[in-house]
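Trainee: I would like to learn how to read a model like this one. Where do we begin?

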Amino acid sequence: SGAKVKKYYIMHSPSKTWFYCHILGKGKDSIMNCTPLEPSFGPRCGARKCNYTRANFQTQCVSMRKIKECLYIGYGGQFRPVDVLGKPVNYGVYILGAPCDPQALGAICSLPPDA
């Protein structure tokens, strides 16, 4: 959509690992700072329902420590996913398909497949 976002959610699809990222600095001196998140599977994400798979949107529950958040994730490379009303959310979502390196990621690569 061309609109700038300040936070990003990135999923490494082979390991089903999510990361919450934001960019620090500007220009050539900028770096991406990321925190790992845990996917949560099931019908609820905290007090909210979060297991949607619809034609125009889908959701994924992720947690960092004990805080759970329901993310709207797009289809087919959609950078700015839309919410249940069809409006763009204020974050970007990227899906990485790189193979998992067991030596680099250790236990992360052994997460269970899709629930």
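**Reading the fold**

Mentor: Begin with the order of elements. From the N terminus, this protein runs β-β-β-β-β-β-β-β-α. Keep in mind that the model is predicted.

Trainee: How many helices and strands does the protein have?

Mentor: One helix and eight strands.

Trainee: What is the mean pLDDT of the protein?

Mentor: pLDDT is the predictor's confidence in each residue, from 0 to 100. Here the mean is 75, and 75% of the residues reach 70 or more. Residues 105-115 fall below 50, and that stretch has 15 contacts in the model beyond near neighbours in sequence. Where pLDDT is low, predicted coordinates should not be read in detail.

Trainee: Which residues touch the most other members of the largest nonpolar core?

Mentor: Look for buried nonpolar residues joined through side-chain atoms. The largest such core holds 13 residues, and Tyr-9, Trp-18, Leu-71, Tyr-91 and Val-93 touch the most other members. Strands β1 (8-12) and β7 (67-73) each supply at least two core residues. The top contributor is β7, with three.

Trainee: What does Tyr-9 touch, leaving out residues up to four places away in sequence?

Mentor: Its partners include the core residues Trp-18, Leu-71, Tyr-91 and Val-93. Also among them are Phe-19, Tyr-20, Leu-37 and Glu-69.

Trainee: And for the whole protein, what share of residues is buried?

Mentor: Buried means under 20% relative accessible area. Of the 115 residues, 32% are buried. The accessible surface is about 7800 Å², with 56% belonging to carbon and sulfur atoms.

Trainee: What about contacts across the sequence?

Mentor: Take contacts between residues at least 6 apart in sequence: 35% of them join residues at least 24 apart.

Technical notes: Residues numbered from 1 in each chain as written. Predicted model: local features only at pLDDT ≥ 70, side-chain atom pairs only at ≥ 80, totals over all residues. Heavy atoms only, no water. Helix = DSSP H or I, 4+ residues; strand = E, 2+ residues; numbered from the N terminus. Buried < 20%, exposed > 50% of the residue type's maximum accessible area, 1.4 Å probe, protein only. Contact = heavy atoms within 4.5 Å. Areas by Shrake-Rupley, 256 points an atom, 1.4 Å probe, with all protein chains shown as cover. Core = buried A, V, L, I, M, F, W, Y, C linked by side-chain atoms within 4.5 Å.
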